[in-house]
Amino acid sequence: MRKRNERRVRIEAAFDRLRTSIAAALGAAENEHARVVADRAEQEFALRIAQHGVAAVRRDPAQVTERPDDPAFRAALNTALREREENYAEWTERGPDGIGALVDAEAPGSAGEPWPDWLGRVGSAQTPPGLWRIGTATVPDAPAARPFPAAVPLLDESHLRISTGGASADVAETLVQNLLLRLLSHFQPGMVRVHVWDVAQLTGTFPGLYPLTGAGLLTVHDPTRLDEMLEVLSDHIRRIHTGSLLGGHTSLRSLAAETGHRSEPWRIAVLLGNGEALREEQQQQLQRIARNGLACGIQLIAVDLTMTVNSAVESITLLDGEHARASTTGPDALVRLDDAPPGPEISKASSAIAEVFEARRARVRTFADLVPDRLWTQRSTAGLHAPVGFAEGEPVWIGLGDASPHTLIGGPSGSGKTNFLYGMLGSLAARYSPDELELYLLDFKEGVSFAQFTPGRRDPTWLPHAQLVGVNVNADREFGLALLRFLSAEMRRRADIAKEHEVTKLEELRAEDPDGRWPRIVAVIDEFQYLFAERDAVSAQATTLLEDVARRGRSQGIHLVLASQDVSGIEAFWGKPAIFEQFILRIALPKARRVLAETNQAALELPRWHAVVNHESGVKHGNEIARVPDATARDTLDVLQRKLWEQREPGAAPPRLFDGSHLPVLSELADFTALRAPARAPRVLLGQVIDVAGTAAAVRLPQSPGRNLAVIGSVREDATSVLGAAALSLARQHAPGDAEFTVAGLLDDAAADATATAEALRAAGHHVALIGMDGIAAALADLAATVRARTAPRPHYLLLYAADAAHTVLEDKPGPGQPSGMDHLRTALKQGPELGVHVLGWWRSAQRVKTSVGMGPVDDIGAWVAFDVHGSELSPFAAGQVVSWSPRARRGLFFDRATHSRPEVILPFDLAAAQEATDG
Ligand SMILES: Nc1ncnc2c1ncn2[C@@H]1O[C@H](COP(=O)(O)OP(=O)(O)OP(=O)(O)O)[C@@H](O)[C@H]1O
């Protein structure tokens, strides 16, 4: 952008210099006049020479004197010539060459070179040159009338007005046709579209360009239907303002500078008038088009049309069949217009352009065509733009930004929704670096569709933009909540920092903090309807969070992409227009229902592997139909991913993978490896919370009442995993000998687990008493005695593997009036924690815990993890609150009175894998 502006300033300055040096030269000649008057004999002549112009008098002295040999005349003429030379010296020396060099630089290829060098060759440029050549100029009054090229700025810069003056209409037509040929030949075919309205004739204008009509590159409007053409142009302006330019850009040019591609062709409207005024309403409409058109790529070339425009306009006035004056070269330069190429050459060139355009339109575009030549060149400051498919060979783009913050994608199973997402993600990831775009990808479908973005055994690459990938989460709706919660928190964080900079939006924040890293975030949730699958607390929370992110994400650069087989049944959407309305970009795959507006049936007629892309909330006039390339096949997205991966920052971390079908491995968890001895209030890891960071679920065991842990449930694997993880984490937080462990295996089935735990603790150097059913009563009696005597010398952890299995044994009293084993257990539970004695026990049902701890409130169990226990049985353990929990395989519910307001779902660890890892 800056470069363009500099270029423009340079061009304007050069032309200003040209005009002022010519004007100065002429002005100086006028001053001369005054001086000469004082010197009589010579003066008389000098005066008349000045009046006629020195060049003219030299050509024809008879204008001034009948005696050209008169010494006074000669002296006056010589003086005038010498002074003219002096005045023009700077221009003569530098002017023509300077302008020549400028035009060379600013009008490359077909914009400036003679037609034999380019006519017939099809252009490929994407960005417009600053100048377009019209002919050769000279300044006749200059002492050495050296020629220099004459050119005008056009596209995005200014309109052009041509007056035929004394010349015939043909001359104007040739001039316009030359310019059109230069324009059409410069760019990739299709980038320039021409509309012609000729008041004088129905056909016959620009016959050489006719081959372009069939391809739709040239539209000739009926002389009586100017309104129609003006309406077409106005429509384009309206559409561009409400579409492409909604994201805050004021022109297609600045948008293109940002996105690296021109999203709309230039439309050149040639109006050939006859000098008569247009009707008032046409005049007004034309003025509106002139005013707003340049920003939207609409360029007027008006010949003999009386109109006042208050936007940039250059003008050319024809003088005769060959010459003209142009506003860029000023009134003193005479422009000899370039000749037209021969007619057959013009037709041939037009046909070539039309053919290439048709071929482009017809060619089969693949995933590779979605990938730009240069990767990671776009900046996401104002939004994200990427092509997702093709219409008639040309890319169809999507935009995520202030104007269309979020996307809803619908399509029944097999319609290619996942494939569409792949194409879209690939196209975005190829354009924006990971510093400009971060991806959070979540798939509720069974299967592993997004897993390919994480490193795997066969393919170690990953998508560097991906921060988080969640697969097989259909049973873990909480993971969807976790993602929404994360987005909501990130949104708040961004808003707070923006506020510190006294701005409100990400775009402004980026301007204020140019060195900061502020990527846009795209969060994709495939089959998001699972989030709302049940009428429960998860759905309710999801609705609230979704509303928050959907409404406020826009200004913080956080974009949601929600995809679903069927959006019709999602109450959260239909019942909450406030959410739905934020999803302005709609993508409908064949047979998708309700993604588009109700009256918009486009998806029903869509052929296979096509999509309706609609940036206008699904209303019909926003439909763009795109053919979607295959992004699922081999050598498509996988190849791109490898390329992007190779470009990643050194040290970049792979995305976190949450795979609902796998359990986390304790030894791989940063929360585990960070545990250190000595710890005053050890952190006991029990499993993993379902959140974006993969945080461990942990309880602290300070020396205070109630800090015991109950694991409740009948499934051995789950319960022993929690106890094992707890023991291993405690082992890391005490130096050998600083703590005591008693591990009680009270159930045959769990004996091996208890032994494994004891061995792991011993391996870490700790003192462990491993006991069975026969030793439990004595061990409890000892522990209770220590507690009662308040003499516990060091922390002591009692790990009970199936505490309830010992109930009968513990209920025995050694003698009348003496406390039972159960009494000792209760003493340890109640009074132990404040002395550093903690019970971590597994009970096989909620009722059995109650039997152990006695009736009344269960204050002594400060934290618990429950597995196959129904929510209703758990409320006494959660301070009486209603616990809604339907047990599911390999998931537990965790509650810690000290930190939780309500229980949360956790995944137990896969301890066998941890063991293998340690062994390995
Ligand atoms: N544009 C396309 N061109 C060629 N093949 C495609 C295209 N889109 C999808 N396919 C193929 O069609 C099949 C189904 O596509 P995809 O998995 O994307 O559909 P879906 O709508 O996500 O279905 P589901 O929800 O059942 O997974 C895949 O085998 C994929 O390779």
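Is E527 buried or exposed? E527 is buried, as 24 other C-beta atoms lie within 10 Å; a residue counts as buried if 20 or more other C-beta atoms, placed from the backbone, lie within 10 Å of its own, as exposed if 12 or fewer do, and as partly exposed in between. The model is a predicted one, in which local features need pLDDT of at least 70 and side-chain atom pairs count only at pLDDT 80 or more, while totals for chains, interfaces and linings use all residues. Residues are numbered from 1 along each chain as its sequence is written.

The chain has 26 helices and 31 strands, where helices (H or I, at least four residues) and strands (E, at least two) are DSSP runs numbered from the N terminus. The radius of gyration of the chain is 41 Å, well over the 29 Å that the globule rule gives for 920 residues, so the chain is more spread out than a compact globule. This radius is taken over C-alpha atoms, and the rule is 2.2 Å times the number of residues to the power 0.38. Along the principal axes, the C-alpha atoms fill a box of roughly 155 × 60 × 45 Å. Of the 920 residues, 50% count as buried.

An automatic or database domain assignment supplies the domain bounds: domain 1 (1-106), domain 2 (115-142 + 154-310 + 322-363), domain 3 (406-454 + 461-647) and domain 4 (682-919). The C-alpha centres of domain 1 and domain 2 lie 36 Å apart. Between these two domains, 16 residues of domain 1 are in contact with 15 residues of domain 2, contact being defined by C-beta atoms, placed from the backbone, that lie within 7 Å. On the side of domain 1 that touches domain 2, helix 1 (2-37) and helix 4 (71-106) each supply at least two residues, and helix 1 gives the most, with eight residues. The residues of this side divide into ten nonpolar, two polar and four charged; Ala, Val, Leu, Ile, Met, Phe, Trp, Tyr, Cys and Pro count as nonpolar, Asp, Glu, Lys and Arg as charged, and the others, Gly among them, as polar.

The largest nonpolar core has 181 residues, and L686, L799 and Y801 have the most contacts inside it. Such a core is a set of buried Ala, Val, Leu, Ile, Met, Phe, Trp, Tyr and Cys residues joined through C-beta atoms within 7 Å. Helix 19 (residues 716-731) gives the most to this core, with nine residues. Domain 3 and domain 4 both give residues to this core, so it lies between them. Apart from it lies another core, of 91 residues, among them A25, L212, L334 and I346.

Around the ligand there are 14 residues, of which S413, G416, K417, T418 and N419 come nearest; a residue is near if its C-beta atom, placed from the backbone, lies within 6 Å of the molecule. By class, this shell has three nonpolar, nine polar and two charged residues.

Some backbone features remain. Most residues other than glycine have a negative phi, and most peptide bonds are trans. E527, in the loop between strand 16 (520-526) and helix 14 (537-552), has a positive phi of about 55° although it is not a glycine. D304 likewise is not a glycine and has a positive phi of about 50°; D304 is found in the loop between strand 7 (298-303) and strand 8 (313-318). The peptide bond from A677 to P678 is cis, with omega near -10°, and P678 lies in the loop between helix 18 (670-673) and strand 22 (683-689).
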